[in-house]
Amino acid sequence: MTEFAITRPQFDALLDKPIRDLGLKLEQSPVERFVQQLYRELERKRLYKFRPAVYLTDEWGCPSGEPVIGIPFYLAHPDLSQLESEVNDLEDSREIMMYLRHEAGHAFNYAYKLYNGPEWKQLFGSFRRPYRDNYRPVPFSREYVRHMAGWYAQKHPDEDFAETFAVWLTPGSNWRRRYRGWGALAKLRYMDRIARELSEVDPVRRR
């Protein structure tokens, strides 16, 4: 970081400030348009009562049980995004929407507490299963959808549902045709049906 600061003196002011003093906010930031796109996609899927709150944090995430979406703070400021791209990989537009749809899947699960339902447990498994960062996926398994890299749906039942939601939500995914004959199709059909059932229903847990 020291060498980076020497070669990029225009970032000195940013590097010297605590994050809390950068004055960051989601409104009118470069990432706000992606959040609005997510909301439009939810509207097109007729999820009229589900609008997960979004906040800036240090990484992508959805706190377990809480229907809110965390977005990395560096995406809210052009200079911070450039700084991130210099020292790490920076998400492009496609990746930002992939992450948002995935995290929205977690938020939807938590907002309606779907993980407590017997059908959810039958399709995805136990929500209470221990969460492990190191997992052994079965490559090319057709029991899971494929959205994020690393066969991520196989990591945990909660991730399986979030990935299923993301595939279902993605415009033009053609999930019925793409997953025809797959075991994962039953999960997608469940997602499609439960979304219709909850279209006009207020979330059980708002935030």
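Which element gives the most to the lining of the largest pocket? In this predicted model, the answer is helix α5, with 5 residues. Helix α7, residues 157-169, likewise supplies at least two residues of that lining.

Let me describe the pocket itself. The largest pocket holds about 340 Å³ of space, and 20 residues line it. Nearest its centre lie Glu103, His106, Tyr131, Tyr152 and Glu159. By class, the lining comprises 8 nonpolar, 5 polar and 7 charged residues.

I now return to helix α5, which runs over residues 93-111. At its start, a side-chain oxygen of Asp92 comes to within 3.2 Å of the backbone nitrogen of Arg94. Just after the helix, Lys113 adopts a positive phi of about 50 degrees.

Finally, the second largest pocket. About 170 Å³ of space lies there, and its lining is formed by 12 residues. Leu15, Phe73, Leu80, Leu83 and Glu84 are those nearest its centre. Here the largest share of the lining, 4 residues, comes from α4, while α2, residues 12-15, also supplies at least two. How does this lining divide by class? There are 10 nonpolar and 2 charged residues, and no polar ones.

Thank you for your attention.

Definitions and conventions:
Residues numbered from 1 in each chain as written. Predicted model: local features only at pLDDT ≥ 70, side-chain atom pairs only at ≥ 80, totals over all residues. Heavy atoms only, no water. Expected span 1.5 Å × (residues − 1). Polar contact = N/O pair within 3.5 Å; in protein donor to acceptor, adjacent residues only side chain to side chain. 1 Å grid on protein atoms, 1.4 Å probe; cavity = no way out; pocket = protein on both sides within 12 Å on 5 of 7 lines; lining within 4 Å. Points joined across faces, edges and corners; volume = space filled by probe spheres on them. Nonpolar A, V, L, I, M, F, W, Y, C, P; charged D, E, K, R; others polar.
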